[in-house]
Amino acid sequence: MSLPAARLAGVTKRYRSNVVLGPVDLELESGRIYGLIGENGAGKSTLIRILMGLSRPSSGTIELWGEHDVAGLRRARASVGYVPDAGASYPQLSATDNLKARCLEWGLDQGQIPHLLDMAGLADTSKKKVRSFSLGMRRRLDLTIALLGNPRMLVLDEPTNGLDPLGTVEIRQLLRRLNEERATTMLISSHNLSELHQTATDFLVLSHGHLIAEMTADDVDRLGGGNLEELYMDIALGRFRERRRHAQGQTHGMGYSQRDARTETPSDIVREVETARGGSHYAR
């Protein structure tokens, strides 16, 4: 049995007395595509920064392919490609020169550049300055930069943010191809739930810093009729709880509270959704 790509145990992040994340217990299986969803301020970017080593957790432990000490995590993170929401390219350079600069910075072989540009559909524009690129082309270049060194895992923060429908489809197809051909593990943070549903194999729901649900794509199809947005709203807002209270004659009170998220496990939440929707089996 292969090691999980990542494992977080009791990870929290606080700023003075303000806890913005956790505790979070999470395991990412190798070769899966995880969609990370939640409201603004849910803790998605904080979780990503901690996973990438850009921020230190206040408590808890992190493992990447079984590595957990400082030196081991540094080695493991060399096998993780990161696409930040803000972009990663130099606009005054061409696509080719952007990749050459990163290879020099990270000590990587430049021989991989033509293949990566071709795979991303940028070979014909490789000499153009990035400042003249469309937003979709820039996001494809950001992803190409992250692919330098053939990473085992990709962490993507809003990879389709601001893209038109064509650019969104291009990114989706590229991510699927990478997963199918290289078995690349991916963690994708996105507010575009309909698009994420067409890409991810698994979904992680964060709310107020807590992981409140974990679902597979099959769970979404079975419980939500293939509508990830509706199922997410049921989970995040607790509408299924309110429906159950009405059925039991308990119409007072809030349908969902943060205390619920802190005391119940992610699988407990999904089981409740399943029960409210008339299901009988939780397959995980």
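**Close-up 1. Helix α1 lies across strands of the sheet in this predicted model.** Helix α1, residues 44-51, lies across β1, β2 and β4 and runs at about 120° to β1, where axes are lines fitted to C-alpha atoms, for helices over the stretch in contact (heavy atoms within 4.5 Å), and angles run from 0 to 180 degrees between N-to-C directions. Helices (H or I, at least four residues) and strands (E, at least two) are DSSP runs, numbered from the N terminus. Residues are numbered from 1 along each chain as its sequence is written. Local features of the predicted model need pLDDT of at least 70, side-chain atom pairs count only at pLDDT 80 or more, totals for chains, interfaces and linings use all residues, and side-chain values use heavy atoms, with hydrogens and water left out.

**Close-up 2. The open sheet has three strands in the order β2-β1-β4.** Its pairing is antiparallel, two strands being paired if DSSP finds at least two bridges between them. Because β2 (18-28) and β4 (59-64) stand at the edges with a single partner strand each, one side of each is left without a neighbour in the sheet. Neighbouring strands are turned by 20° against each other on average, direction ignored.

**Close-up 3. Strand β1 pairs with β4.** Strand β1, residues 6-15, and β4 are joined in the antiparallel sense over five bridges, and S59 in β4 is the bridge partner of T12.

**Close-up 4. Helices α3 and α5 cross at roughly 25°.** The axes of α3 (residues 95-106) and α5 (residues 135-146) come within 10 Å, and the angle makes α3 roughly parallel to α5 (under 35 degrees; over 145 counts as roughly antiparallel, 65 to 115 as roughly perpendicular and the rest as oblique). The contact is made by A95, N98, L99, R102 and W106 of α3 together with L141, T144 and I145 of α5.
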